[in-house]
There are 2 protein chains.
Amino acid sequence: MRRLRVIGIGPGGIDQITIAAVEAMNTVDVFLLLDKPNGPRDLRARMLERYVDRPYTVVAIPDPPRDRTPSDYTDTVARWHHRRAELIAEAIAAQPADAVLGILVWGDPAIYDSTLRIIGLVEQLGTLLEVDVIAGLMSINTLTAAHRQVLNSVGGAVHVTTGRNLRDSGIPPGVDAVVVMLDAHCAFLGFPDWTLFWGANLGTADEVIRSGPVAGIGDEVVRLRSELRERVGWVMDTYLLRAPDPAEPVAPSPVPGFARPEGER
Amino acid sequence: MRRLRVIGIGPGGIDQITIAAVEAMNTVDVFLLLDKPNGPRDLRARMLERYVDRPYTVVAIPDPPRDRTPSDYTDTVARWHHRRAELIAEAIAAQPADAVLGILVWGDPAIYDSTLRIIGLVEQLGTLLEVDVIAGLMSINTLTAAHRQVLNSVGGAVHVTTGRNLRDSGIPPGVDAVVVMLDAHCAFLGFPDWTLFWGANLGTADEVIRSGPVAGIGDEVVRLRSELRERVGWVMDTYLLRAPDPAEPVAPSPVPGFARPEGER
């Protein structure tokens with residue numbers, strides 16, 4: 001069984017990696033680079049250069065081409081994932097049997113990242129792997145640090161979601177703090193009376209943050225976002241939305257439609 | 001204006017701190033220890049010993065006594081917070097004007113931690129501070145790493161809440177993944193058909209994890225939890241609950257009662 005270490009390297013700063021991740025990197029013989037288009041690959045290269053003190057190999061596994069004119073979208077995506085897993089399985093099979101393999105993942109592998117699902121597919125294809133995961137800092141953490149914010153109101157809940165969910169489904173009742181990731185379409189604009197705490201390319205030299213009512217700074221953030229993409233070549237942003245009038249402390253109150261605990265203990 | 005650095009040191013492991021946090025610790029002249037009862041103080045001491053290479057002072061600021069027979073609970077808590085902030089302000093005033101101050105916070109200062117709110121109170125009392133925050137890994141991250149789990153279903157949302165909220169308000173509609181922190185009363189027991197991914201004292205030598213249906217492992221987790229507290233002296237646990245039948249991908253569907261974006265863009 002081959003050993004594969006999936007290592008979270010944090011959201012962008014060279015210093016936002018943990019000691020545990022650095023130690024894990026120093027046990028890896030072969031780093032697999034699962035490239036994504038526009039992936040900010042150079043952070044990984046810089047981290048290897050800065051933190052690894054032993055010989056290692058880097059194997060790039062480019063994404064297979066996607067069918068751009070799919071007749072059945074779901075089927076096309078499934079075939080693409082399958083092809084991707086096959087390429088990774090081949091790359092793994094080509095390594096010495098006793099080599100420790102590693103994958104560096106931006107942020108934390110546990111949130112809005114496909115690496116662990118792809119590795120699951122690779123295993124389903126018959127590659128026996130002993131996988132361990134080293135947690136990484138999320139952009140959520142650096143966002144709140146940059147804004148000196150506590151995510152939750154006193155005793156309150158925090159909802160973490162995507163721009164698409166926010167646009168399509170809105171915010172659940174009773175939630176006064178929402179963290180949004182993966183939002184290319186600035187869904188915050190739909191909530192003009194909420195307060196926005198926004199950050200892009202956090203922890204890098206190009207970090208930009210803004211905070212204020214959406215009605216006041218929303219358009220500026222849209223502009224900053226596209227300027228950053230143009231100037232730096234990529235943009236990774238995340239934001240926190242706070243309800244217009246967050247009463248503190250938030251009294252948790254039963255809301256119809258919630259899944260209820262069965263009985264009292 | 002005095003400089004105060006609030007430094008997240010991760011959820012328990014000596015190696016779960018970031019390089020940025022270690023570098024920040026090495027700029028601090030005076031560490032303020034805001035002690036809590038049962039606080040696992042020794043991690044902070046061990047981190048100072050392991051990671052700091054320059055002279056520093058540690059100033060312990062014990063919690064003021066709480067009135068145990070309050071006539072008005074809210075008022076008592078407010079007075080206690082005020083008294084606590086006063087003690088911290090006094091301790092800060094006693095330091096040299098150019099000393100860099102630091103506070104080490106378990107996990108991340110941004111989630112279910114009172115440090116940033118207390119510092120806000122200290123500022124309200126008239127202490128001028130230049131505060132910066134260094135993000136730390138949360139127990140959420142180490143929990144999911146230990147279980148090799150991705151928090152979100154494909155495109156799905158994640159709800160982060162407290163045991164009390166879970167017990168009192170349940171789970172919002174449409175949410176298939178819930179992370180619970182601060183749950184001394186094992187509120188997961190109210191959701192027997194959900195799947196539990198539980199971890200305690202994560203990243204330490206005493207780490208315990210369990211996963212399975214609540215109906216199957218719930219009672220064992222209750223037992224493990226109290227055994228751990230008895231044996232080690234403290235227990236810090238967190239868990240992920242997954243909906244009984246998480247369809248993947250989760251189709252985001254509008255749910256009545258949600259705050260809706262205003263208009264379409």
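Reader: What is the count of salt bridges between chain B and chain A?
Author: Two salt bridges. Mind that this is a predicted model, where local features need pLDDT of at least 70, side-chain atom pairs count only at pLDDT 80 or more, and totals for chains, interfaces and linings use all residues. Residues are numbered from 1 along each chain as its sequence is written, chains are lettered from A and ligands numbered from 1 in the order written, and side-chain values use heavy atoms, leaving out hydrogens and water.

Reader: Why is the meeting of B:Arg148 and A:Glu123 called a salt bridge?
Author: The term wants a side-chain nitrogen of Lys or Arg within 4 Å of a carboxyl oxygen of Asp or Glu. Here the N to O figure for B:Arg148 and A:Glu123 is 2.5 Å, so the pair qualifies.

Reader: How do you know what area is buried between chain B and chain A?
Author: Take the accessible area (1.4 Å probe) that the two parts lose on being put together, summed over both. That comes to about 5800 Å², with carbon and sulfur atoms giving 57%. On chain B's side, B:Ile19, B:Arg117 and B:Arg148 supply 12% of what it buries against chain A, more than any other three residues.

Reader: What makes β6 of chain A and β6(B) a pair of strands?
Author: Strands (E, at least two residues) are DSSP runs, numbered from the N terminus, and two of them pair if DSSP finds at least two bridges between them. Strand β6 of chain A (residues 158-162) has three bridges to β6(B), so they pair, and they run antiparallel. A:His159 stands opposite B:His159 there.

Key:
Helices (H or I, at least four residues) and strands (E, at least two) are DSSP runs, numbered from the N terminus.
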